[in-house]
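Q: I have a model open and I'd like to learn how to read its packing. Could you walk me through it?

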Amino acid sequence: MVDQLPSLAFLGAGSMGGAILRGVVASGIPVDGGITVTNRTAARALPLAGLAGVRSIALEEQPDGNREAAGSARIVIVGVKPAMVPDLLAEIAPRLRPDALVVSIAAGVTLATFRRILGEGVSALRAMPNTPATVGRAVTGLAAAEDVRAEDVALVRALFETVGSVVEVPEDQIDALSTISGSGPAYVYLLIEEFTRAAVGKGFSEADARLLAEQTFIGATALLEASGEDPAELRRGVTSPKGTTERAIAVLQEARLDDVFARATDAALARARELAAEG
């Protein structure tokens, strides 16, 4: 963890950008030069204005806010919707500092797009956080252009470590990463939904079924984290020979969950590539 972060600009602070912004503030790490954040409306900008050390700009009141924010920051986080990224990059390009690090959290926008619009001299990175960033438990995939210095990658990594863990990957693995950690929370929620339905089917009330299912997942993952054990080893610890859990596990294994998850993540990857091609 770094002792200090340089000046930051968040261009578009929706759910993900806002989560990262709040993570930085909550971390207590000093930000030399402060944090500037932009949003389209005053209604979205106002809640962020109360965060310590944050200047929040509403573009409907200050149309040049993106250019001003980008020009003031060492690290510029691009958090607008993917379709809006090219126009935003063209808007801020003339105002970027020579040492600016431009980081995209927009899915599907390649580093080649950043290089084409911003020019070869700008250091660009892609980050793929997931929604647990809102509670400081994200997994963020980070890919840097080849010409980005190692110390600059480390600086951006430290920024995202304020909201969780970071995995550095080459850009051609970012889409694959998104099918695991990016989409992964939805897979977990689906499993909890189905586990809850099974509990209701056993006669439990909806409230009790939710409690049983949700807290079992939460408790199991907490134990996994605290123990440092391999999940297979923890599973074997619960699965007594010839017991009830062994019988249940056999049914799940007969369902070929390995194949199901492989096909699900393959489908997500195919769609990510389609979206990238459409963009």
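A: Let's start with burial: a residue is buried under 20% relative accessible area, exposed over 50%, and partly exposed in between (1.4 Å probe, protein chains only). Keep in mind that this is a predicted model, where local features need pLDDT of at least 70 and side-chain atom pairs count only at pLDDT 80 or more, while totals for chains, interfaces and linings use all residues. Residues are numbered from 1 along each chain as its sequence is written, and side-chain values use heavy atoms, with hydrogens and water left out.

Q: Is Leu88 buried or exposed?

A: Leu88 has a relative accessible area of 5%, so it is buried. You'll find Leu88 in helix H4 (residues 85-92); helices here are DSSP runs of H or I, at least four residues long, numbered from the N terminus.

Q: Which residues is Leu88 in contact with?

A: Contact means heavy atoms within 4.5 Å. Leaving aside neighbours within four places in sequence, Leu88 is in contact with Leu11, Asn66, Val78 and Val80.

Q: How do I read a nonpolar core?

A: In soluble globular proteins, nonpolar side chains tend to be buried together. A core here is a set of buried Ala, Val, Leu, Ile, Met, Phe, Trp, Tyr and Cys residues joined through side-chain atoms within 4.5 Å. The largest one has 57 residues, and Leu5, Leu8, Ile75, Leu96, Phe114 and Phe160 touch the most other members. Helix H6 (residues 150-160) gives the most to this core, with six residues. Apart from it lies another core of five residues, including Met128 and Ile174.

Q: And how are two packed helices described?

A: By the angle between their axes and the distance between the axes. Axes are lines fitted to C-alpha atoms, for helices over the stretch in contact, and angles run from 0 to 180 degrees between N-to-C directions. Take helix H7 (residues 174-182) and helix H12 (residues 257-278): their axes come within 9 Å and cross at roughly 135°. That makes H7 oblique to H12, the class left over once under 35 degrees is roughly parallel, over 145 roughly antiparallel and 65 to 115 roughly perpendicular.

Q: Which residues make the contact of H7 with H12?

A: H7 brings Asp175, Ala176, Thr179 and Ile180, and H12 brings Thr265, Ala268, Leu269, Ala272 and Arg273.

Q: At what angle do the axes of H4 and H5 cross?

A: The axes of H4 and helix H5 (residues 111-118) cross at roughly 35° and come within 9 Å. Here Val85, Pro86, Leu89 and Ala90 in H4 meet Phe114, Ile117 and Leu118 in H5.

Conventions: Helices (H or I, at least four residues) and strands (E, at least two) are DSSP runs, numbered from the N terminus.
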